[in-house]
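Me: Could you take a close look at one part of this model for me, and walk me through how its strands pair and what sits beside them?

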Amino acid sequence: SSNPTLINVDVIQNYAATGAGIRLHYSNAIFTNVIVKDNIADGGGGGIMMYLSDPILTQVTINDNHSGKDIGDYSWDGSISQYGYAGRGAGLWIEHSNPIIHQVLVKGNISTHYAGGIHFDNSNAILSHVTITENVAEDDQGWNYSDAMTIDPGAQYNIIPSITNSI
């Protein structure tokens with residue numbers, strides 16, 4: 001695991017199978033005044049993807065990222081998956097993680113499946129003063145899977161993010 005601190009950093013125009021902008025795996029990173037913009041993931045997490053991580057995000061802007069660009073169905077580790085992970089969380093894909101997200105803007109992200117903004121999967125997140133706006137989630141059949149946010153509790157139905165003073 002690694003626990004970097006990023007302050008005043010721009011992560012722009014990257015491409016990957018998952019977590020195109022930033023991909024956290026077993027990390028308790030700290031992000032302050034970070035911009036994650038214009039990144040493209042074939043699978044999920046166009047902007048930020050976190051798995052088994054407990055980062056702190058403060059004053060972060062996550063905008064204009066894309067997930068599910070191509071047909072690939074990629075798992076959190078970037079491998080091809082049969083379980084349909086493509087397009088999860090164009091802004092943020094949060095799985096088995098417990099982030100603290102404060103003063104964050106999630107705007108203008110586009111997903112081809114679940115959540116243009118944020119997709120939670122088996123995660124307890126704390127969100128405060130978060131704005132989730134103008135995100136899009138739509139597949140090629142015209143189904144809409146929640147433009148702003150989806151919450152998938154998986155097998156543990158008591159896992160729900162805590163959201164306060166957010167729109």
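Reply: His 102 stands opposite Ser 128 in β13, and Thr 58 in turn stands opposite His 102 in β10. This is a predicted model, where local features need pLDDT of at least 70, side-chain atom pairs count only at pLDDT 80 or more, and totals for chains, interfaces and linings use all residues. Residues are numbered from 1 along each chain as its sequence is written, and side-chain values use heavy atoms, with hydrogens and water left out.

The strands here are DSSP runs of E, at least two residues long, numbered from the N terminus; a pair needs at least two bridges found by DSSP. β10 and β13 (residues 126–133) are parallel, with 7 bridges, and β7 and β10 are also joined by 7 bridges in parallel.

Ile 56 belongs to β7 (residues 56–63). Its relative accessible area is 34%, so Ile 56 is partly exposed (between buried, under 20%, and exposed, over 50%; 1.4 Å probe, protein chains only). Together with Ile 30, Ile 100 and Ile 126, Ile 56 makes up a nonpolar surface patch of about 300 Å² accessible area (Shrake-Rupley, 1.4 Å probe, only the protein chains shown counting as cover). Members of such a patch have over 30% relative accessible area and no salt bridge, with nonpolar side chains joined within 5 Å; a salt bridge puts a Lys or Arg side-chain nitrogen within 4 Å of an Asp or Glu carboxyl oxygen.

Now for the loop between β9 (92–95) and β10 (100–107), where you will find Ser 97. Ser 97 is buried, at 0% relative accessible area. Its contacts (heavy atoms within 4.5 Å) include Met 50, Leu 52, Asp 54 and Asn 124, leaving aside residues up to four places away in sequence.

Conventions
Helix = DSSP H or I, 4+ residues; strand = E, 2+ residues; numbered from the N terminus. Patch = residues over 30% accessible without salt bridge, like charges linked within 9 Å, V, L, I, M, F, W, Y side chains within 5 Å.
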